[in-house]
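Subject: Structure handover

Hello,

Here is the structure for your files. My notes on what was found in it follow below.

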Amino acid sequence: MSDSRIWTRIQPVVTTLLVAVVIGIPLWLVVVTAGKSRGEALTPDLTPPSDWRLLENLGTVWTEGRIPAAFLGSVLVVAPAVVGVLVLGSMAAWILARRSGRTAAVLYAVGISGIVLPPAVVTLVLLLRQLGLAGTATGMIGVYMGIYLSTVIFFVTGFVRTIPPSLEEAAQIDGAGPVRVFLRVVLPLLRPVLATATILICLYVWNDVFYAFFVVGGRLDTLPLNLFRVASAGLYLNNWHLIFAYVIMMSLPLIVVFAVAQRKIISGITSGAVK
C-alpha cells in the first residue's frame, strides 16, 4: 500500500485526535479547576479533584458574583448589536452584490475595510463623549455595530452572489417592491450565512472586555467586565475555582447560541442541496 493511501486512511483519525487535544485539554482544565476546592485550585492542573464541588462553586458564583445583573447588561448590549448589524449588513451586502461598476466596487471596498483597519479607541471615546453616548448601552451598541458591520458585509455579499437573480425578478414581476423582495425572497435564503455570522459576532461581543472597558467603564455591568472587576476582589482573590466556575457560567449562553445557529446552518445547507 502506498504512503498516500495510508495517509488518506489515517488522516481523519489524526485530525480528530489533534482537535480533541487542542480543545479537550483546555476544556478539561476549566471543568476540573471549577470543581475543586480553594486549596486544590491554587495551582491549576489537569488532575481531577478529590471531591467534586462544581455545583457548589457555580452556586457561590451565581449568588455572590453578581452574575444576574451582569448577564442582563450583556444581553442588553449583545442582542440589539447582533440583530442590528445582521439586518443592516445583509441589506447593504444585497445591494452591493446586485450592483456592478466602479462605484459599487469602491463602496464594497470601503464597506469591508473595517476588517483590516482597527478602530481608533481614543478617537472613538472622544466622539462618543461629544455625542453624549459615552458610558451608555446605546453607545456600546453603536460601537459594536460599526466594528462588525464589515464582517457581515464580507460574508453575506459573496453568498448573495450565489443566489440566482431570477428569483428576485420573479417576485418583482408579481408586484413586490425592494423591501418585500429582500424580506420574502433574499433574507430566508441567507439563513446559513447569517447563522455563521451570528456565532462569530456573538462570540466577539459577548467576550469583549477591551472596548467595553473604554466605552462604558463601570457604568454598565457586562459579564466580562464584571469578571475583570471582581477577579481581584475578596471573593475571587486567588480563588481560581470560582474564576473558572464564572467562566463556565459565562460560556453557557454562547453554547446555546451555537447549538441553535448550528441547526440553522445544517438545515439551510440541506434545503439548498435538495432544491
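A salt bridge is taken here as a side-chain nitrogen of Lys or Arg within 4 Å of a carboxyl oxygen of Asp or Glu. Please note that this is a predicted model: local features need pLDDT of at least 70, side-chain atom pairs count only at pLDDT 80 or more, and totals for chains, interfaces and linings use all residues. Residues are numbered from 1 along each chain as its sequence is written, and side-chain values use heavy atoms, with hydrogens and water left out.

Salt bridges

By that rule there are two salt bridges. One joins Arg53 to Asp51, with 3.8 Å between the closest N and O atoms. For exposure, buried means under 20% relative accessible area, exposed means over 50%, and partly exposed lies in between (1.4 Å probe, protein chains only). Arg53 has a relative accessible area of 33%, so Arg53 is partly exposed. Asp51 also counts as partly exposed because its relative accessibility is 43%.

Arg98 forms a salt bridge with Glu168, and here the closest N and O atoms are 2.8 Å apart. This pair links distant parts of the chain: Arg98 is in helix α3 and Glu168 in helix α7 (residues 165-173), 70 residues apart. Helices (H or I, at least four residues) and strands (E, at least two) are DSSP runs, numbered from the N terminus. Arg98 is partly exposed because its relative accessibility is 22%. Glu168 is at 7% and therefore counts as buried.

Overall fold

The chain has twelve helices and zero strands. Its C-alpha atoms fill a box of roughly 70 × 70 × 30 Å along the principal axes. Of the 275 residues in the chain, 37% are buried. A contact means heavy atoms within 4.5 Å. Among contacts in the chain between residues at least 6 apart in sequence, 71% join residues at least 24 apart.

Surface

Accessible areas come from the Shrake-Rupley method with a 1.4 Å probe; for residues, only the protein chains shown count as cover. The chain exposes about 16000 Å², and carbon and sulfur atoms supply 70% of that area. Val21, Ile25, Trp28, Leu46 and Trp52 form a nonpolar patch on the surface, with about 480 Å² of accessible area together. Patches are made of residues with over 30% relative accessible area and no salt bridge; like charges are joined within 9 Å, and nonpolar side chains (Val, Leu, Ile, Met, Phe, Trp, Tyr) within 5 Å. Val21 is found in helix α1 (residues 3-34). Val21 counts as partly exposed because its relative accessibility is 46%.

Pocket and cavity

Rolling a probe the size of a water molecule over the atoms shows where empty space is left. The search uses a 1 Å grid over the protein atoms alone: a cavity is a set of points where a 1.4 Å probe fits but cannot get out, and a pocket is an open set with protein on both sides within 12 Å along at least five of seven lines; lining residues have an atom within 4 Å of a point. Grid points are joined across faces, edges and corners, and a volume is the space filled by probe spheres set on the points.

The largest pocket holds about 380 Å³ of space. It is lined by 16 residues, and those closest to its centre are Leu27, Ser251, Leu252, Leu254 and Ile255. Helices α1, α9 (191-206) and α12 each supply at least two residues of this lining. α12 gives the most, with nine residues.

There is one cavity of 30 Å³ or more. The largest cavity has about 60 Å³ of space. Its lining residues include Ser74, Tyr144, Trp206, Asp208 and Thr222. The largest share of that lining, three residues, comes from α3.

Two buried residues

Thr222 sits in the loop between α10 (210-215) and α11 (223-230). Thr222 counts as buried because its relative accessibility is 7%. Leaving aside residues up to four places away in sequence, Thr222 touches Ala70, Gly73 and Ser74.

His241 lies in helix α12 (residues 240-274). With a relative accessible area of 8%, His241 is buried. Not counting residues up to four places away in sequence, His241 touches Thr33, Ala34, Lys36, Ser37, Arg38, Ala41 and Asn57.

Regards
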